[in-house]
Amino acid sequence: MASQARTIAVAGAGSIGCYVGGCLALAGLKVVFLGRGRVVEAMRQGGLRISDLDGRDRRIEAQAISATDDPAIALQEAAVILVTVKSGATEEMAKLIAVHGPSDAVVVSLQNGVDNADRLRAGVPGRRVLTGMVMFNVVQSPNGEVPFRVHRASQGEVMIDGGVDGLAGLLNADGLAVEARADMKAVQWSKLLMNLNNALVALSDLPLARQLADRSWRVILAAQIDEALAAMKAAGITPARITGLPPALLPKVLRLPDWLFGLLARRMLAIDPEARSSMWDDLKRGRPTEIDELQGAVIRLAKQTGIPTPVNERVTALVRQAETEKHGPPGLTPQAVSADPRSA
């Protein structure tokens, strides 16, 4: 692994990027945040607060933070570049890394979806690019809160390809468990199954814990996962086991009565009341969502294999409608999401 004296660049100072980079900075590593707008300015002015549902609550003062919107400054001395931008900005970030990043820097995609690492590899040929996945939820403070705060609101770790000796150990820090895996493609598809719930949180405008505790919403999630599992099976993809349950059992457990689900899915429900989803936050702020990288990935795979995906298509259409209307999360009921518009 490259010298620890060199920088770890966090390419995308959003919720995940600030949490991961904040934990690494608190562990004594040299971290620079690359971002734009209000988040970078908030950190420059008031510092960064990092908290989690396990009770940690720590702060980095503004003068100790290196945050910039200049990719040349952020990337030029990086030994490791953690890419945490939204999927829609992957190609743009790859171009910046190709121009400004050292040729020996290790690039790690910590993004949702199943193909961002491949897109980075295409944009930075000859560089070492690893697949990674963040298995926990992070929420950020409301606009104007000082210091800017990121809060890990669920349990989980970061998983990365195990191809670089010492990298997982370097990134492993208090509040940030990092595990090296040899099956990251299977991990990505497994995480995608649970990420199909991001859209339901966004459409419902409910906190994640409340939404998951309601069987009416879980039934919709289970139907989406059924479609995804059918498409994966037809394509020869076997998702990894990353929770206490085999992926094939998820739909059955999600459909259980609320009281029984609460007993059997304690880890799934170990969620801070603050937790939402990144897609909810995108609608709240009037930004494009990652629906094409989540439900869209299922729909594309299903079309290749001839598997129908009416539920994923319905959810996708509703999210795109909310994106277009720009009124924030629409606060739909499960019945409204389940309704077949063709029967109206």
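A residue counts as partly exposed when its relative accessible area lies between the buried limit, under 20%, and the exposed limit, over 50%. In this predicted model, K185 is partly exposed, because its relative accessible area is 40%.

**Salt bridges**

The model holds 25 salt bridges. Three of these pairs are set out below, each with the distance between nitrogen and oxygen.

| Pair | N to O distance |
|---|---|
| R56 and D174 | 2.9 Å |
| D118 and K185 | 3.4 Å |
| R218 and D258 | 2.9 Å |

The bridge between R56 and D174 has its closest N and O atoms 2.9 Å apart. R56 sits in the loop between β3 (48-52) and β4 (57-60), and D174 in the loop between α6 (167-171) and β12 (178-181), so this contact ties together parts of the chain that are 118 residues apart in sequence. R56 has a relative accessible area of 28% and is therefore partly exposed. D174, at 44% relative accessibility, is also partly exposed. Both residues belong to a network of salt bridges that also includes D52, D54, R58 and R152.

D118 is partly exposed because its relative accessible area is 38%.

The side chains of R218 and D258 form a salt bridge at 2.9 Å, N to O. The two residues are 40 residues apart, with R218 in helix α10 (residues 215-235) and D258 in helix α12 (residues 258-264). D258, at 39%, counts as partly exposed.

**Helix α1**

Helix α1 covers residues 15-26, which makes 12 residues. How many of the residues of α1 are buried? The count is 9 of 12, and the helix is mostly covered. The buried residues are S15, G17, C18, Y19, V20, G21, G22, C23 and L24. In an α-helix there are 3.6 residues a turn, so residues three or four places apart point the same way. After α1 comes G28, with a positive phi near 95°.

How values were computed:
Residues are numbered from 1 along each chain as its sequence is written. This is a predicted model: local features need pLDDT of at least 70, side-chain atom pairs count only at pLDDT 80 or more; totals for chains, interfaces and linings use all residues. Side-chain values use heavy atoms; hydrogens and water are left out. A salt bridge is a side-chain nitrogen of Lys or Arg within 4 Å of a carboxyl oxygen of Asp or Glu. Helices (H or I, at least four residues) and strands (E, at least two) are DSSP runs, numbered from the N terminus. Buried means under 20% relative accessible area, exposed over 50%, partly exposed in between (1.4 Å probe, protein chains only). The expected span of a helix is 1.5 Å times one less than its number of residues.
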